[in-house]
Amino acid sequence: MKVLGIETTCDETAASVVIDGKQILSNVIATQIPMHTKYGGVIPELASREHSMKIIPVIDQALSEANTILSEIDLIAVANGPGLIGPLLIGLTTAKALSLSLQIPFVGVNHIKAHIYAAFMGNDSIKLPALGLIVSGGHTALVEIISPDEIYLISQTADDAIGEAFDKVAKNLGLPYPGGPHIEKLAKQGNPKAFSFSCGQVKKDPLMFSFSGLKTAVVYTLRDLEQSNKPIPKEDIAASFQHVAFNDLILKTKRALAKCNYKSILFGGGVTNSLKLREMFNESNFGIDLYWPERNLTLDNGAMIAGLGYQQYLTQGPDDFNLKPSPRIPFLKRNH
Ligand code: KG4
Ligand code: ZN
């Protein structure tokens, strides 16, 4: 089955053609980051306008790079949430219009679940059930993966998402948006033990995350150094913050593994772009296989949407035209 995947949840307009959920023929991503960097974050109205201008050229490019024409597409998969309402509407409306005019089915895909599906692409031998760690700009969660389209929440963040904390700390260090890659680069020259920051622990649930206290501690440290006119060791601050945040992910992943016998661990979301994160996890002796998305599939992209859309179509069939964009989609816990 040839699937066209469309992703417009935030600040990337993306389209991809994927065969049978695995074989990526094209993966085109038009990023809006340079436009939003000027404002220090994503401006939803500007994002919507940019998506509406880019969506058709990006789909055209994805088709031509895949050596395909529209009439050869069997299914349209579109991210219908979570994300920004305006950008979501543009992707979803485009998908519905294509589905109607081509007389082919379409499916709406949860883009956070698709981030995890990215780790399935190219890996045929993943043993299930698996533990999943989702680390993106809007989400931080541990999930239980029964199959690519059956995923349940174990725990999430009580406050900020980890990517959000990276972006806010970066802003305070004077680094551009999105901050994650800039912190990673700066941290390479710093000492991760220079500052003893710590992550929040949530009393009622030791598997939950909390990054807002860590973020505030970094901001206060910067303010105190500035006020006392001391030199600001930005590299050490970046390295210490990054080290503490990633160590907390490792700690909670280990706690989740101790509670239940998972056969592998899958990672998804923009923060998995970090080579430091991969290195720290890979060195942590989990005793089971770890699966990371290819680095071209870590940020928002259409291939993971096409991939999961295909799996979803096989198990649940198509969606109908009443499907709405969902800015928030709560993850469900499993009823044991
Ligand atoms: O998954 P994604 O593209 O968008 C959402 O669905 O949120 O994730 C974007 C997030 C941003 O917060 C960005 O700063 C973070 O991923 N990120 C990183 C790195 N690369 C991207 N965070 C830490 N280190 C990185 N190298
Ligand atoms: Zn995302």
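Mentor: A contact means heavy atoms within 4.5 Å. Leaving out residues up to four places away in sequence, serine 16 touches Val3, Leu4, Gly5, Ile24, Ser26, Asn27, Ala62, Gly302, Ala303 and Ala306. This is a predicted model, in which local features need pLDDT of at least 70, side-chain atom pairs count only at pLDDT 80 or more, and totals for chains, interfaces and linings use all residues. Residues are numbered from 1 along each chain as its sequence is written, and side-chain values use heavy atoms, with hydrogens and water left out.

Trainee: Is serine 16 buried or exposed?

Mentor: Buried means under 20% relative accessible area, exposed over 50%, and partly exposed in between (1.4 Å probe, protein chains only). Serine 16 has a relative accessible area of 0%, so it is buried. A polar atom of its side chain lies 3.5 Å from the backbone nitrogen of alanine 303.

Trainee: Which residues of the largest nonpolar core touch the most other members?

Mentor: In soluble globular proteins, nonpolar side chains tend to be buried together. A nonpolar core is a set of buried Ala, Val, Leu, Ile, Met, Phe, Trp, Tyr and Cys residues joined through side-chain atoms within 4.5 Å. Here the largest has 44 residues, and Ile162, Phe211, Leu214, Phe241, Leu249 and Phe281 touch the most other members.

Trainee: What is leucine 249 in contact with?

Mentor: Beyond its neighbours within four places in sequence, leucine 249 contacts Leu133, Val135, Thr140, Ile162, Phe209, Phe211, Leu277 and Phe281. A second, separate core has 33 residues, including Ala77, Val143, Leu153 and Met304.

Key:
Chains are lettered from A and ligands numbered from 1 in the order in which they are written. A polar contact is a pair of N or O atoms within 3.5 Å; within protein, one must be able to donate a hydrogen and the other to accept it, and residues adjacent in sequence count only if both atoms are side-chain atoms.
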